[in-house]
Structures are given as C-alpha cells and as structure tokens.
Amino acid sequence: MSSTSTSRVVLRRFRAHLHNTARCQSALAALAERSIESMRDESIFTDDHIALRLSLRKIIEKEINPYVEQWEQDKIFPAHQVMKLLGSNGFLGVNKPTEYGGLGLDFSYSVAVSEELGNISCGGVPMAIGVQNDMATPALTRFGSDELKKQFLVPTIAGDFVACIGVSEPHAGSDVANITTKAVKDGDDYIINGGKMWITSGMQGDWMCLLANTGGEKAHSNKSLICLPLDTKGVHRAKRIEKIGMQCSDTAQIFFEDVRIPQKYRIGEEGQGFFYQMLQFQEERMFATAGGIAPLENCIALTMDYCRERKVFGKPVLDNQVVHFRLAELATEIELTRSLLYRCVALYVAGNDVTKLASMAKLKAGRLTRELTDSCLQFWGGMGFSAPNPISRAYLDGRLLSIGAGADEVMLSIICKYMGSLPKSAKM
C-alpha cells in the first residue's frame, strides 16, 4: 500500500473515531439527564440533591473529563489541583459539620455526589475522591478531638490536604485484625514501625488515617486510628504500585521506620481503632456502591449505541435477541442494586446499623460490575479488547470493586455472621 493510501485509511479511521466519540458523548449526556430526572421519584432525594448533582456535573464536564485521557497516560492525576477544585465548591465535606467547613447535610447527599462522580470517565479519580470524603475522614469527624479536626479535617474538606487511608498491609488486606504495624508509647508520643500497602493517593497525600496496633493481646481491641502527617521523618514512600486498572490512581507502598508523632494525634480512645474502622467501612461501602452505578449504566448505553451501528451478517448486532435480552437483564440488575443501596442509605440516615445491608450492596455491586462489563466487552468484539476504549477501561477499573474496601469473600462472611450461619471457628 502506498503512503498516500495509508494516509487516507488513517484519516478515515480518525474521522470515524471523532464521529463515534461525539455520538457516545451524546448518548451519555442523554443518559445523565434521565438519571437526574429519575431521582425525583426516589424518596431519599429532594430538589436539593438534584441541584447538588447538577452543580458537580458542570465541574466534571469542564474541569475533569477533558483531562482524563492525559492523566491515564501519565498514570497519575494532579490530586491537589482536583481536591482544591472540589473543596472550594463544597464537595469534600457534604455531610461534615459546618463548623469545620462542611455543608452539614446527611449522608444521602454524599451518595448523590458519589453517583455523579461515577460519570467521570475513569475509575481512578472518583476512587481518590471517595478516599478523601468517606474513607479517611468519617472516624475523625465522629470521634476526633476539636484540635485534631481543626488540624486535619478542616484543610481536607477545603481541599488543601490530600488524605489517605492506611489499613491494608502486604499480608493483611481484608483481614484487618491481623495487621502488624505498631505504634508504641514513648512518653507523650507514639513510635510507629511497619508498613502499608495499596495506599490510594499515597505518593501525593499529605496525611494518612492510619490503623496501628497500640497494645493489648486481643486483635479487636488493641488497635487505634492515628492521624499521621506523611512528611514526618521516618515515613518512606517506597514505590508507586503498577496495576491493571485505575491507571491514573496514585497507589503506593509506604513504610514507617521509627516515626515519632504525638499521642494527641490519635482519633478517639486507644484500642477502639478496629471498631472505628468498621464504622468507617459502612460509609465506604455505600459510597463505593453508589459510585459504581453510573459507570454500569454508561456501559449499557455505549454498548447499545455501538451495537446499533455495528453490523454482523447483514444486520445490527443489537437486533440479535441474545444481545438485547442480555442488556435488559443487566439493566434490571442495576435497578435492583440501586434499590438495595437506597434502602441501606435511608436506614443509615435514620441512625441504624447497616453493616449487613452495606456489605450486601457492595457485594452485589462488585459482582454485577464484573458480569456487566464482561458482557458489554464481548458485544464490542475486537473493539472492546482495544485501547483506549471506555468499555475496556470500565472492565479493568471495575474489577477492583470486588477486592477493595473488603473482598467479596469478606462481605459474604459478614453477611453470614449477621445471618447466624458463620461457623464458630470462623467468627470474625
């Protein structure tokens, strides 16, 4: 083929790419509008929730999504820039007290925010925002001293600090009780030694909500949560961890070598860290479930649009019953997941313990994400296996939902515990 012919082929493909991109954006925009309208029918949402989402959508469309492709290529996004943008617009403290810079709203507003964050066209950015909002700060908000909140919570809500959550270790991921990082008392200080793994925003973070053993033999009562500034002497950000998905997420391995910090940096009572973290997990798992809904709806919308255009054996792929029936089944599963989430949120806002339901919702969301993205990728054929591609990205990014914030198997164990079917030898 001559160079001229090759150029023409490339140009045709480029024009087709632009056309498909514009068409996809149009389909997603229409879906986003329908999702807003559907909120009016939900009992947990009001016009204020809708206004909050619409405001966030403008930021996502103008300040985040146009840069996602570059951030994915760079394998990092500017966390301080994004957090400051969101913090200055009130999106990092939606359900946090007004005296510390939050909006003072209930958790249902955080869920509305999380759903809209799902319209960011990658998984890494919303995950980091979720860490900032609903993983690193709930225990500090609820149990921290006023001094600690002013030092760590206020700048985190404002977006001046990037926060991390330090629970997982190389040999203790979902098995939180078996962490080995220690914080030993020395006068009025703690001396911390150990390490944490898979820390979101770990390379750029300013502080970590650290879970460490602070004394005692019982695994569930010998831990404390500590606010740890990551510029403290002895904190070593060892490396950025390579992953199959969430490419722009800054994920780090961090070691602590004789790190000295004041005991006043401890959140709440000593020995209550495991309990505080379990409470933190409730919000984390609901936030994660909510954030997974829009990507799944987007996958179906994009797949329907693509399969209308793609023809096999003389007719559109979408006209095959196996395809449109399968997409209908998956859309039904999304609605069931959404209903479970909203019930869970309503009970939580009313003051109930929703550990079982939050675990169920997160389990369902993770499994559905794997199932749905796999089906959609299959219908895209070779294009689905190509990159960059919104379906292949959703397939890879979404895989984490069944692992992070407690693996599926841990969710099942929690559910069994509440059902009374967990064997005594396996009590958590």
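**Chatting through a predicted model**

Reader: Hi! Let me start with a residue I clicked on: where is W198 found?
Author: Good pick! W198 sits in strand β3, which covers residues 189–200. Keep in mind as we go that this is a predicted model.

Reader: Thanks! What is the phi of W198?
Author: Its phi is positive, about 60°, although W198 is not a glycine. For background, most residues other than glycine have a negative phi.

Reader: Which other residue has a positive phi although it is not a glycine?
Author: K75 is one of them, and its phi is also about 60°. You'll find K75 in the loop between α3 (68–74) and α4 (79–88). K75 is partly exposed, because its relative accessibility is 33%.

Reader: New topic: how many residues does the largest nonpolar core have?
Author: That core has 44 residues. Those with the most contacts inside it are L140, I192, M208, L228, F256, I261 and I267.

Reader: Which elements supply at least two residues each?
Author: Quite a list! The helices are α7 (138–143), α8 (146–158) and α9, and the strands are β1 (163–166), β3, β4 (207–213), β5 (223–229) and β7 (251–262). Strand β4 gives the most to this core, with six residues.

Reader: Let's zoom in on L140: what is it in contact with, leaving aside its neighbours within four places in sequence?
Author: L140 touches L148, K149, F152, L153, W207, C227, I267 and Q280.

Reader: What does the second, separate core include?
Author: That one has 41 residues, among them F107, I300, V345 and Y348.

Reader: Now helices. At what angle do α9 and α10 cross?
Author: Helix α10 covers residues 321–349, and its axis crosses that of α9 at roughly 155°, with the two axes coming within 10 Å. Angles over 145° count as roughly antiparallel, so α9 is roughly antiparallel to α10. The crossing of α9 over α10 is left-handed.

Reader: Which residues meet there?
Author: From α9 they include M286, A290, I293 and I300, and from α10 they include L327, I334, L341 and V345. By type, the residues of this contact divide into 14 nonpolar, four polar and four charged.

Reader: How do α9 and α12 pack?
Author: Helix α9 (residues 273–309) packs with helix α12 (residues 390–398) at an angle of about 150°, with the axes 10 Å apart. At that angle α9 is roughly antiparallel to α12, and α9 passes α12 in a left-handed crossing.

Reader: Which residues of α9 and α12 meet?
Author: C299, L302 and T303 in α9 meet P390, I391 and A394 in α12. Those residues divide into five nonpolar, one polar and no charged.

Reader: Last one: where is the place of G104?
Author: G104 is in the loop between α4 and α5 (107–117). At 47% relative accessibility, G104 counts as partly exposed. Leaving aside neighbours within four places in sequence, G104 is in contact with G93, V94, K96 and T98.

Reader: And how far apart are G104 and H171?
Author: They are 67 residues apart in sequence and 38 Å apart in space, C-alpha to C-alpha.

Terms used
Residues numbered from 1 in each chain as written. Predicted model: local features only at pLDDT ≥ 70, side-chain atom pairs only at ≥ 80, totals over all residues. Heavy atoms only, no water. Axes fitted to C-alpha atoms, helices over the stretch in contact; angles between N-to-C directions. Helix = DSSP H or I, 4+ residues; strand = E, 2+ residues; numbered from the N terminus. Parallel < 35°, antiparallel > 145°, perpendicular 65-115°, else oblique. Left-handed = near helix turned anticlockwise from the far one by under 90°. Contact = heavy atoms within 4.5 Å. Nonpolar A, V, L, I, M, F, W, Y, C, P; charged D, E, K, R; others polar. Buried < 20%, exposed > 50% of the residue type's maximum accessible area, 1.4 Å probe, protein only. Core = buried A, V, L, I, M, F, W, Y, C linked by side-chain atoms within 4.5 Å.
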